Amino acid sequence: NATNTNARVGLGEAYIAAGQYQDAEDTARAAVAADPKYYGSYGLLAQALRENIKEEESLEAFETMLQMNPASVSGNSNMGTLLHKMKKYEEAEFRLNKAIALNPNHQNSYYNLGLVLHAQSDKRYADALRAAASCVAIDPGFANPWYNIGRLFRELGRHYDSLAALHRYQ
């Protein structure tokens, strides 16, 4: 029933937080088997598989989840992050932009979009800087985008701007 499925998903999330990825995967598979119509079980399964470095299976679970709930901000964002890791940059960019369209204040999507744009080529540096700037506009205290901004400025030869951003990163 739904209560048991929610409990399994919560348990699986706790396993992931504790770094017990195989237990998370087993729990997620049990949640999917108990209620194959609940998208959250597939989201948990996708995350557990990603942590267990089963990227193709994780991608399939994200796809199933997003077929059931295409408006999932975290599902689109997490799938975009996985696609980035798999070097599928155009697909990653699409998913992250979709997450941002669904929630314009989703900081992690901007952060990861900046990484995807930076990974593509130097022609995307301006776009990567805009994504990082959007991320820090939401929370200036989030250090990671400042590091990315510093790297981008350094690669563009803007060394003083790089230093200023990297000082913010500390």
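Modeller: A salt bridge here is a side-chain nitrogen of Lys or Arg within 4 Å of a carboxyl oxygen of Asp or Glu. This is a predicted model: local features need pLDDT of at least 70, side-chain atom pairs count only at pLDDT 80 or more, and totals for chains, interfaces and linings use all residues. Residues are numbered from 1 along each chain as its sequence is written, and side-chain values use heavy atoms, with hydrogens and water left out.

Biologist: How many salt bridges in the whole structure?

Modeller: Ten.

Biologist: What does Arg29 pair with?

Modeller: Glu25, with the closest N and O atoms 3.0 Å apart. They sit four residues apart in helix α2 (residues 21–34), so about one helical turn separates them. Helices are DSSP runs (H or I, at least four residues), numbered from the N terminus.

Biologist: Is Glu25 buried or exposed?

Modeller: Buried, at 3% relative accessibility. Buried means under 20% relative accessible area, exposed over 50%, partly exposed in between (1.4 Å probe, protein chains only). Arg29 is partly exposed at 36%.

Biologist: And what about Lys54? Which residue does it bridge to?

Modeller: Also Glu25, at 3.1 Å between the closest N and O atoms. Lys54 is in the loop between α3 (39–51) and α4 (55–68) while Glu25 is in helix α2, so the pair ties together parts 29 residues apart in sequence.

Biologist: Switching topic. Where is Lys88, and what is its partner Glu56 in?

Modeller: Lys88 lies in the loop between α5 (73–85) and α6 (89–102), and Glu56 in helix α4, 32 residues apart. Their closest N and O atoms are 4.0 Å apart.

Notes: Helices (H or I, at least four residues) and strands (E, at least two) are DSSP runs, numbered from the N terminus.
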